[in-house]
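Me: I've got a model open and want to check what the labels on it rest on. Can we go through them one at a time?

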Amino acid sequence: MKILADAHIPYLKGAIEHFGEVEYLPGNQFTKETVKDKDVLIVRTVTRFDEEILAGSSVKLICSATIGYDHIDTHYCDTHGIAWRTAPGCNAGSVEQYVTASLLLLAEKKGFDLKEKTIGIVGVGNVGSKVEAACKKLGMKVLLNDPPREEREGNADNMFVDLETIKHEADIITLHTPLTKTGKYKTWHLADERFFNELNKKPVLINSCRGSVTDTRAWKKAIEEGLVSGSVIDCWENEPDIDTELLEMVDIATPHVAGYSADGKWTATKMTLQNLCDFFHLDIDPVQLMPPIPAPDDPVIDLKNIDPHRQTTHAVLHTYNPLKETEALKKSPEKFYYFRSHYPLRREYKAYTVINADPVPANVLQQLGFHVEFLKND
Ligand SMILES: NC(=O)C1=CN([C@@H]2O[C@H](COP(=O)(O)OP(=O)(O)OC[C@H]3O[C@@H](n4cnc5c(N)ncnc54)[C@H](O)[C@@H]3O)[C@@H](O)[C@H]2O)C=CC1
Ligand SMILES: O=C(O)C(=O)[C@H](O)COP(=O)(O)O
């Protein structure tokens, strides 16, 4: 079997060789010529897979080591005998960590208390549900919007609200939908000029799903007109050539790395190898082929000398602080693709042990997923 794999998929090298003859290329160097004689493509979101690149090739299976799949022309694949697989939920915990760290940072920077804030979550799937759980643990009021789920599952206990309610009541809005360009619930430019004009509480807007779920021009105008009080962007329109004016205007700006925890990447690779096994009916356990996830350099977080009011923020930012990446991206936006391909993968909360926390933050941190060593009298 001939396999072409993206060279920037962690934990793949050494494992995928058990399945066939493998060639590696950076995702932005996949071409019609390089995919032509391959049976399987192991891919990321940086390459578009449509008729232009796939026509006339021998590709039978595309495995994307990602949650999102808007980079695959699924209609073309479905009608041309090309199977495609993804890794649902693989890095949802990592995106939750990104959103939580951003919320705690902004609360500190702008001087507000998250417990007094209402967050509107648009898209409540694998990621949105984890963000919902984390926000509740931080004491926030949560509003959920997911019309496709509402249609399928009904709206018992008014679990879901419409987008109008979110625009009216939310102090923070975070987007976690797929990017879809057609259909009843299409999300392309969901946050357009009208969306921004209808915001009631000058909310903070967070986009860590896909760039084109928001309209860049409208977002810039909204910032200029004071319709939003803060902006967090991980996913941009037209990556990697992002809008540098918007970049300068936002509080937190990262190069599409919300999902880049070692935990998320490891799971993505495991699911990808499992997809291969399932497709070709191979009795192989991917975990046996993969290295373990490396421990963090600094796995113990000592909160002894930290003000109890800052302990949760301190611990979460110890695991991940998006301000460092913001600074680097603002300084060198042309390195967007480079930053993504040379990313020092972070660990999620479960890789860390918290010691000397006060009882209240200790409970919050434990619920978020940290190991917590409770003080004797707790
Ligand atoms: N920045 C990053 O590194 C990452 C970004 N993502 C993005 O996040 C997206 C969401 O991921 P998951 O939660 O795992 O996907 P998911 O498929 O589990 O959930 C998406 C949810 O959005 C809902 N939805 C669809 N259209 C909607 C609309 N018009 N309004 C409101 N809700 C709508 C769906 O019903 C579904 O419940 C992915 O499709 C991907 O684009 C995912 C992982 C990492
Ligand atoms: O999983 C997704 O969907 C994402 O957006 C990924 O985090 C992006 O990962 P890469 O395509 O850069 O590997």
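Reply: Leaving aside neighbours within four places in sequence, S57 is in contact with V35 and K36. One caveat: this is a predicted model, so local features need pLDDT of at least 70, side-chain atom pairs count only at pLDDT 80 or more, and totals for chains, interfaces and linings use all residues. Residues are numbered from 1 along each chain as its sequence is written, chains are lettered from A and ligands numbered from 1 in the order in which they are written, and side-chain values use heavy atoms, with hydrogens and water left out.

Me: Why is the pairing of R210 and D70 called a salt bridge?

Reply: The term asks for a side-chain nitrogen of Lys or Arg within 4 Å of a carboxyl oxygen of Asp or Glu. R210 and D70 meet at 2.9 Å, N to O, so the label holds. Between domain 1 and domain 2 the count is one salt bridge, along with three residue pairs in polar contact.

Me: Where do domain 1 and domain 2 run?

Reply: Domain 1 is 2-90 + 261-289 and domain 2 is 92-253, with bounds from an automatic or database domain assignment. Their centres, taken over C-alpha atoms, are 30 Å apart.

Me: What is the area buried between domain 1 and domain 2?

Reply: About 520 Å², with carbon and sulfur atoms giving 46%. Buried area is the accessible area (1.4 Å probe) that two parts lose on being put together, summed over both. On the domain 1 side, D70, G89 and S261 supply 66% of what is buried against domain 2, more than any other three residues.

Me: Which residues are around ligand 2?

Reply: The rule is a heavy atom within 4 Å of the molecule, and those around ligand 2 include T66, N91, H256 and R210. A polar side-chain atom of N91 is 3.1 Å from a ligand 2 oxygen, and a polar backbone atom of I67 is 2.7 Å from one.

Note on methods
Contact = heavy atoms within 4.5 Å. Polar contact = N/O pair within 3.5 Å; in protein donor to acceptor, adjacent residues only side chain to side chain.
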